[in-house]
Amino acid sequence: MSFDPASFAQVVFSGGGTRCFWHGGFMSQVGTIATIRPERVCGLSGGALSGAAWISGQDERCKQVMGEIFERNERNLAIEGDGIAPHEQLYREAVEGTLPDTAIATIAEGPAFQIALATPPRGLSSRLFAAICAVGYSLEEKLTGSPRLRFTRWLGLELIRVDARQAARDGRLVDLIVAAATIPPVFDIPRWDGRDVIDAGMATKAAYPDPDAGRTLVLMTSPYRDLPAQDDKLFATPSSPVEADKIDFTGREQIEETWAQGCKDARGFLAEQA
């Protein structure tokens, strides 16, 4: 499938925590929202922030803001205060710093933008269920080498898509992006519209928009042995595992190197598609 930036109706940002800085580097070479002009964008987990930053033109700002936060944070375990880790507070700070009011207004008026969340079955302990899902999806991903996950969906984990443009208009976009990256027990389990929600990356590695129609550029954050073969989907993956660890919030160098790898991989990707 040849690469024509303007031919994509959809762009999908997978999750991956700080590995998502590969998205920023990759898209800095491939195209802006103005050059690709997709009808729909969808993101999950850390890819929700990637998508928001790309739509609003804040990719570089995101790298700068999070890099400054990581420089001053020395530990991935909390010493004082609530919770076992500082990630939730620091991530909210990063999202707020990345998306000023002008950026949120741009998103509210931009292309259709959905953020995927996952909801545990009603009547079960969400925290316990999330812990089981975390183990299950990690094992399945390693065993199959595929971004397609079945075990957690079989357990009853449900994928939902939230209208991020409406969330922006309602002043809830930051809350939505933070909720999308919920990994218990590192983050507390939030609620969205009356339901407990967790990271949708436990249900799938690539959440397509609803409706799912047209040629789609799918941006991953890890290499996979077995990618789905779909004529209308073009997958872009790192050429090798990236430097960033998805929940390490202490290393600015790691996200800079991950961004640089995204740039390099994009140049190789474009050469292959030519």
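Me: What makes a contact between two side chains a salt bridge?
Reply: A salt bridge is a side-chain nitrogen of Lys or Arg within 4 Å of a carboxyl oxygen of Asp or Glu. The model is a predicted one, in which local features need pLDDT of at least 70, side-chain atom pairs count only at pLDDT 80 or more, and totals for chains, interfaces and linings use all residues. Residues are numbered from 1 along each chain as its sequence is written, and side-chain values use heavy atoms, with hydrogens and water left out.

Me: Why is the pair Lys-233 and Asp-212 called a salt bridge?
Reply: The side chains of Lys-233 and Asp-212 meet at 3.3 Å, N to O. The limit is 4 Å, so the pair qualifies as a salt bridge. Lys-233 lies in strand S9 (residues 233-236) and Asp-212 in the loop between strand S7 (198-199) and strand S8 (216-219), so the pair ties together parts that are 21 residues apart in sequence. Strands here are DSSP runs of E, at least two residues long, and helices are runs of H or I of at least four, numbered from the N terminus.

Me: How do you know whether Lys-233 is buried or exposed?
Reply: Buried means under 20% relative accessible area, exposed over 50%, and partly exposed in between (1.4 Å probe, protein chains only). Lys-233 has 5% relative accessibility and therefore counts as buried.

Me: What makes Asp-196 and Arg-191 a salt bridge, and how accessible is each residue?
Reply: Their closest N and O atoms are 2.7 Å apart, which is within the 4 Å limit. Asp-196 is partly exposed at 21% relative accessibility, whereas Arg-191 is exposed at 52%.

Me: How many salt bridges does the rule give?
Reply: The count comes to 12. Salt bridges also link Glu-60, Lys-63, Glu-71, Arg-252 and Glu-256 in a network.

Me: What makes a set of residues a nonpolar core, and which residues have the most contacts inside the largest?
Reply: Such a core consists of buried Ala, Val, Leu, Ile, Met, Phe, Trp, Tyr and Cys residues joined through side-chain atoms within 4.5 Å. The largest has 59 residues, and those with the most contacts inside it include Phe-26, Tyr-91 and Ile-177. Helix H10 (residues 173-180) supplies the largest share of this core, seven residues.
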